Amino acid sequence: DEGVWAVTCFVVRTKYRGRGLTYPLARAAVDHARACGATALEAYAMITHPGKVITWGELHVGARQVFEEAGLTEVSHPTPRRVVLSIDFPR
């Protein structure tokens, strides 16, 4: 659907990683998509598990919690480690 926008990747410079910057980036993505007339925003997040080491490259799509805190909800779970989240913007 042409009106559905997608967040496919986050890039944070190396020296700024680990500071929780993806949280405000996700909120800004929601705000920007809404302001620009998107009908919905989707994200394709990585599921993280406490105590399991995850490399930065695996998380370039963002963690589920980041998007949930930005208001997106899970709409599908296509693989054991991936989840699709979405937020609709009523017209």
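Reader: Leaving aside neighbours within four places in sequence, which residues is Glu 42 in contact with?

Author: Glu 42 touches Val 4, Trp 5, Ala 6, Val 7, Leu 72, Leu 85 and Ser 86, where contact means heavy atoms within 4.5 Å. Bear in mind that this is a predicted model: local features need pLDDT of at least 70, side-chain atom pairs count only at pLDDT 80 or more, and totals for chains, interfaces and linings use all residues. Residues are numbered from 1 along each chain as its sequence is written, and side-chain values use heavy atoms, with hydrogens and water left out.

Reader: What separates the C-alpha atoms of Glu 42 and Val 4?

Author: Those C-alpha atoms are 7.1 Å apart, although the two residues are 38 residues apart along the chain. Glu 42 itself sits in strand β2, residues 40-46. Strands here are DSSP runs of E, at least two residues, and helices are runs of H or I, at least four, numbered from the N terminus.

Reader: Why is Glu 42 called partly exposed?

Author: Buried means under 20% relative accessible area and exposed means over 50%, with partly exposed in between (1.4 Å probe, protein chains only). Glu 42 comes out at 24%, so it counts as partly exposed.

Reader: How do you know that there are zero disulfides?

Author: A disulfide is a pair of cysteine sulfur atoms within 2.5 Å. The sulfur of Cys 9 has its closest cysteine sulfur in Cys 36, 19 Å away, so that is too far for a bond. A search of the whole structure accordingly finds zero disulfides.

Reader: Are those cysteines buried or exposed, or what is in between?

Author: In between: Cys 9 is partly exposed, with a relative accessible area of 38%, and Cys 36 is partly exposed too, at 44%. As for the protein overall, buried residues make up 31% of its 91 residues.

Reader: What pattern does the protein follow along the sequence?

Author: Reading along, you get β-α-β-α-β-β, which gives two helices and four strands.

Reader: How many side chains are positive, and how many negative?

Author: There are 11 positive and 9 negative side chains, counting Lys and Arg as positive and Asp and Glu as negative, with His and the chain ends not counted.

Key. The place of a charge is taken as NZ of Lys, CZ of Arg, CG of Asp or CD of Glu.
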